[in-house]
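User: I am new to this structure and would like to learn how to read its strands and its core. Please take one feature at a time.

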Amino acid sequence: MKNSLFFLGLLLLTNSCSVKKPPVFLKVDDIKILSFSSDTIHLQANAYFQNPNDVGGKIYTDNILISVNNIEVAQVFSEEFKVPAKSDFLMPLTAKIATKRILNSDKNGILGGLINSFLTNKVNIRINGKLEYVVFGFKKEFLVDKTEEIKIKF
């Protein structure tokens, strides 16, 4: 009798707190330049998700690259993100871009393209890579590929 109650309780516990499916990756949006100085550019975007599970998990951003005007210039740096259970959430993605990295990449007149970007006050930003969701040894990768033309505000 005790064993039956124990297994019944264990069964109820595992069914009520289960990972039914991975979170749903909706989009990457809201790309903006947070700050612009002579040595660095701080960039931020938001990744939007829905989590239908009773448990959370963690998302890692190790494999996401930032390109400015088709030149790979930085990698997204974020600490592991704790996923909330049963909710819609957004994960901020931030990058610090060294301006000298952009100016020293002299590939077929890239400096001219950057000067043109500053004259038109627009720059083409691409965020490309993978987000990795981990919970209880279960892993799921989400592909991120977002390109957006943003205005530079001086």
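This is a predicted model: local features need pLDDT of at least 70, side-chain atom pairs count only at pLDDT 80 or more; totals for chains, interfaces and linings use all residues.

User: How are strands defined, and when do two of them pair?

Analyst: Strands are DSSP runs (E, at least two residues), numbered from the N terminus. Two of them pair if DSSP finds at least two bridges between them. Here β3 and β4 run antiparallel and are joined by four bridges. They form a hairpin with two residues between them, and N69 in the turn has a positive phi of about 50°.

User: In which sense do β3 and β7 pair, and over how many bridges?

Analyst: β3 and β7 are antiparallel, with nine bridges; I59 lies opposite Y133 in β7. β3 also runs antiparallel to β5, through three bridges, and K58 faces K82 there.

User: What is a nonpolar core, and how many residues has the largest one?

Analyst: A nonpolar core is a set of buried Ala, Val, Leu, Ile, Met, Phe, Trp, Tyr and Cys residues joined through side-chain atoms within 4.5 Å. Buried means under 20% relative accessible area (1.4 Å probe, protein chains only). The largest nonpolar core has 32 residues, and those with the most contacts inside it include I59, I66 and I125. β7 gives the most to this core, six residues.

User: Which residues does I125 touch, leaving aside its neighbours within four places in sequence?

Analyst: Contact means heavy atoms within 4.5 Å. With those neighbours left aside, I125 is in contact with residues including I31, L43, I66, V68 and I150.

Methods:
Residues are numbered from 1 along each chain as its sequence is written. Side-chain values use heavy atoms; hydrogens and water are left out. Buried means under 20% relative accessible area, exposed over 50%, partly exposed in between (1.4 Å probe, protein chains only).
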